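Work through the exercises below with the sequence and the structure at hand. Try each task before reading its solution.

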Amino acid sequence: MSDAQPPQATEIAAAVRQVLGDSLGYLYPAALRVALRHDIADHLTDGPKTSQQLAELTGTHAPSLHRILRFLATRGIFEEDDNATFHLTPAAHVLRTDVPYSVRSTALLFTDEMYWQSAGRLEDTVRNGTTAFNDIFGAPFFDHLPGDEEREQLFSDAMDTMSATEQNGIVASYGFPETGTVVDLAGGLGGFLRTVLAGNPGLHGILFERESVLQRHKLDEPVVEGRWETAAGDFFEHVPPGADFYVLKRIIHDKSDADGLRILRTVRAAMTERSRLLVVDPVRPPADVPPSVTLSDMVMLTVFEGRERTEQELEELLAAADLKSLRVIPTPGALSIVEVAPV
């Protein structure tokens, strides 16, 4: 259909439904957060329940809770039967706290006010070219977190959860050598580094993070015993020198060019000529961009100062830090591994 041709009546009706539905789309994450905060999925693990039963378990108002759950059921979160009883669905199962594939913490982070208040000021971002987060919370995202212990823990848990869904595919996609030292920079609770070491028994690992995050690390497991250490610090200032591999996983994409360059230069100063840096981020292709990459780019625009970069944009950033891309390795998920060497 040409842009100049008016749509048909059926197309208009569908478009109206879409636009008006999208206009109220914020109600879904708001309702989802209610279910998350009250652990509704956990309360259904021993069998279906009515909203009255769930309200008694959660200390909520039964009629209001029923309406929330009924709304979520329209999106496949829970299922309501003819007896007004709610059941778990596959989507609800991943919200449970007692399963290894749970994404509860990540969903709680994405529905936190840090994200939705910034999204509410997206018009300001488009007008000014900078996120409204700093204005709302008084500091950039990663400067704000250390002053909010509860949210800092939520962020660490959420990133660990997200990493668990992708780290096996990433490690399997890259051929690490038999021996060497791997430094995971801002590696969170250590889930990715643990997977690297578990799959490569000749490697030694260093988890580099803020001290408050390192106190909760998950490296203390028999499969990697004796092959890891932790180091506290700020990758804007220094990183452990002389390692064989440095990893920046989901780090550069949420940074502005200026901050990304500062980190890359710090890493470059620590590298030897044989060192390699692995930048693990979405790499935006020139065409057929996956919806997940476009969605992630909106998060970068809304909350952070970064963006999902193309291969060329990454190469330009690397070159400014006296680094060069050797190759881009796809992984089974949305992330790619950009293998980087000193110039």
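The model is predicted, so local features need pLDDT of at least 70, side-chain atom pairs count only at pLDDT 80 or more, and totals for chains, interfaces and linings use all residues. Residues are numbered from 1 along each chain as its sequence is written, and side-chain values use heavy atoms, without hydrogens and water.

**Exercise 1.** Find the order of the strands in the open sheet of three strands.

Solution. Helices (H or I, at least four residues) and strands (E, at least two) are DSSP runs numbered from the N terminus. Two strands pair if DSSP finds at least two bridges between them. The order is 1-3-2, with antiparallel pairing. Strand 1 (49–50) and strand 2 (79–80) are the edges, each pairing on one side only. Strand 2 is joined to strand 3 (residues 85–87) by two bridges. Within this part of the sheet, Glu 80 stands opposite Phe 86.

**Exercise 2.** Describe how helix 2 packs against helix 5.

Solution. Take the angle first (0 to 180 degrees between N-to-C directions, with axes fitted to C-alpha atoms over the stretch in contact). Helix 2 (residues 27–37) and helix 5 (residues 62–73) meet at about 120°, and their axes are 10 Å apart. Helix 2 is therefore oblique to helix 5 (under 35 degrees is roughly parallel, over 145 roughly antiparallel, 65 to 115 roughly perpendicular, the rest oblique).
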